[in-house]
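The stops below proceed from the whole chain to individual residues.

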Amino acid sequence: MGGITRQFSAEQTQGYMTFGKLFLVANGKQDLFDTIEAVNVSEVKVGINIGGTNEKFSEQGNSAQV
């Protein structure tokens, strides 16, 4: 997984988008990794951005190899 954490120190207007976690997978493999349960197994390797929210998420007792 990869991602960017948006942090704002200024006052913001009402948002128009929803942010959350999603999987980026190789073309043609989207049906294999369409749930967190399918990804969260020890045989699966995932990439994360160090220092971001995906790193924190990966440290919360998940089984996938980081």
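How many helices and strands does the protein have? The protein has 2 helices and 0 strands, where helices (H or I, at least four residues) and strands (E, at least two) are DSSP runs, numbered from the N terminus. This is a predicted model, in which local features need pLDDT of at least 70, side-chain atom pairs count only at pLDDT 80 or more, and totals for chains, interfaces and linings use all residues. Residues are numbered from 1 along each chain as its sequence is written, and side-chain values use heavy atoms, with hydrogens and water left out.

Begin with the surface of the whole protein. Of the 66 residues in the protein, 12% are buried (buried means under 20% relative accessible area, exposed over 50%, partly exposed in between; 1.4 Å probe, protein chains only).

Next, select helix α2, residues 53-58, and within it Asn54. Is Asn54 buried or exposed? Asn54 counts as buried because its relative accessibility is 6%.

Ser42 is partly exposed, with a relative accessible area of 42%. Display Glu43 as well: the side chains of Ser42 and Glu43 make a polar contact at 3.4 Å (a pair of N or O atoms within 3.5 Å; within protein, one must be able to donate a hydrogen and the other to accept it, and residues adjacent in sequence count only if both atoms are side-chain atoms).
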